[in-house]
Amino acid sequence: MEGKDFRMVAKTMYGLEDVLVKELETIGAKNIEKLNRAVSFEGDMTMLYKANYLLRTAISILKPIYSFEANNEKELYDNVYKYKWEKLINCDGTLSIEPVVYSSIFTHSLYASQKTKDAICDRIRKMFLQRPTLTKDNPDIILNLHINENQVTISLDSSGESLHRRNYRLATEKAPINEVVAAGLIQLSGWERDTNFFDPMCGSGTIVIEAAMYAYNIPAQYYRHNFAFKKWADFSMPEYRRMRQQADKQIRDFDYEIWGSDISGSAIKTATENITNAKLHKDIELFRSDIQEQDPPEGKTLIITNPPYGQRIETDDLFDLYELIGRVFKNKYSGNTAWIISSDLDAFKYVGLRPSRKITIYNSNLECRFCKYELYEGSKKVSKQM
């Protein structure tokens with residue numbers, strides 16, 4: 001199905017915009033432009049399906065449909081009212097509006113959302129004597145209301161539930177890493193899928209599962225079938241199925257090892273459940289072990305780990321842990337590369353190794369650093385007062 005191209009916006013986490021640009025280039029998107037926590041691009045409906053199914057670092061895929069200026073609430077209402085919503089929303093249908101507001105004019109996002117909802121429903125009720133129902137529970141249409149000062153853009157949300165919800169996690173440990181962030185870390189590390197992969201503090205297994213999906217080229221939403229675009233009037237099930245089949249044919253073999261370990265028995269139990277649910281239990285090896293006791297896989301290995309932050313461990317114990325991580329990396333993992341993500345910037349000083357790269361990234365609402373350590377023989381120690 002060759003359809004007409006239109007503009008779309010893929011939303012992401014801060015720090016992953018460049019990764020998302022590369023992903024969009026790989027799937028054939030056109031006119032790609034990096035934004036703040038988002039990337040805009042063009043394509044047809046098939047590209048919209050592909051973007052939802054394949055992009056590992058996208059949170060949602062929006063289709064902007066209406067933009068205007070509004071300098072007060074009356075202008076907001078009047079402009080929204082002008083749009084032909086009856087062509088998009090059934091009078092007996094269901095609707096959800098998700099506001100994102102950065103404005104000194106509209107200081108309450110829920111109020112802006114309410115005025116938008118009133119305008120849409122008033123127009124439809126005037127024409128059909130009936131109005132759509134607002135609901136958060138699997139609505140027919142999800143609208144994204146974005147206001148930046150007086151610039152208003154209303155978009156169709158094609159994803160529905162956030163794309164970080166891959167549908168493989170049955171359970172989590174405390175403060176799990178977001179799946180989109182985990183996938184982004186793997187790509188930021190530059191891993192070419194040509195070495196082993198190891199997470200020595202794997203928690204509920206998100207990083208090793210995302211690593212396996214990347215290694216075997218399993219589509220990001222392989223385990224998920226529910227998307228908001230399936231309720232759109234122009235949705236084509238045959239084209240959607242064709243897209244999925246073509247993408248699934250690209251799943252491939254991987255010749256190296258993927259390991260995860262954790263000192264917590266409950267973490268290993270949770271990770272095992274999630275990995276089994278993803279049908280990756282033959283592809284990921286898990287071990288219950290202290291980081292200083294666990295030997296790395298034989299051969300060249302990339303290590304990415306998400307140690308406990310201050311929210312999960314007392315400060316003194318946290319610094320001791322990070323000092324231990326640095327010592328173990330230096331003594332047992334020489335010749336390899338390790339990356340650590342943490343929101344506790346003071347704790348990084350206790351690793352005692354000089355990072356060759358630092359990247360700022362957000363995990364949910366926490367500002368984090370993603371630091372790279374080249375673990376060559378005699379890695380340089382650094383002062384805790386650096």
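**Pocket and salt bridges**

By class, the lining of the largest pocket comprises 10 nonpolar, 12 polar and 3 charged residues (Ala, Val, Leu, Ile, Met, Phe, Trp, Tyr, Cys and Pro count as nonpolar, Asp, Glu, Lys and Arg as charged, and the others, Gly among them, as polar). This is a predicted model, in which local features need pLDDT of at least 70 and side-chain atom pairs count only at pLDDT 80 or more, while totals for chains, interfaces and linings use all residues. Residues are numbered from 1 along each chain as its sequence is written, and side-chain values use heavy atoms, with hydrogens and water left out.

Me: What makes a space a pocket, and what makes a residue part of its lining?
Reply: On a 1 Å grid over the protein atoms alone, a pocket is an open set of points with protein on both sides within 12 Å along at least five of seven lines, and a lining residue has an atom within 4 Å of a point. The largest pocket has a volume of about 760 Å³, a volume being the space filled by probe spheres set on the points. Of its 25 lining residues, the closest to the centre are Lys11, Asn36, Arg37, Ala38 and His146.

Me: Which strand gives the largest share of the lining of the largest pocket?
Reply: The largest share, 4 residues, comes from β8. Strands (E, at least two residues) and helices (H or I, at least four) are DSSP runs, numbered from the N terminus.

Me: Why is the contact between Asp122 and Arg125 called a salt bridge?
Reply: The term requires a side-chain nitrogen of Lys or Arg within 4 Å of a carboxyl oxygen of Asp or Glu. Asp122 and Arg125 meet at 3.0 Å, N to O, and therefore qualify. The two residues are 3 apart in helix α4 (residues 109-128), which separates them by about one helical turn.

Me: Is Glu179, the partner of Arg169 in a salt bridge, buried or exposed?
Reply: Buried means under 20% relative accessible area, exposed over 50%, and partly exposed in between (1.4 Å probe, protein chains only). Glu179 has 4%, so the residue is buried, whereas Arg169, at 23%, counts as partly exposed. Their side chains meet at 3.2 Å, N to O. Glu179 lies in helix α5 (residues 179-188) and Arg169 in the loop between β8 and α5, so the pair ties together parts that are 10 residues apart in sequence.

Me: How do you know whether Arg242 and Glu239 are buried or partly exposed?
Reply: Arg242 has a relative accessibility of 38% and is therefore partly exposed, while Glu239, at 7%, is buried. Their side chains form a salt bridge of 2.2 Å, N to O.

Note on methods. On a 1 Å grid over the protein atoms alone, a cavity is a set of points where a 1.4 Å probe fits but cannot get out, and a pocket is an open set with protein on both sides within 12 Å along at least five of seven lines; lining residues have an atom within 4 Å of a point.
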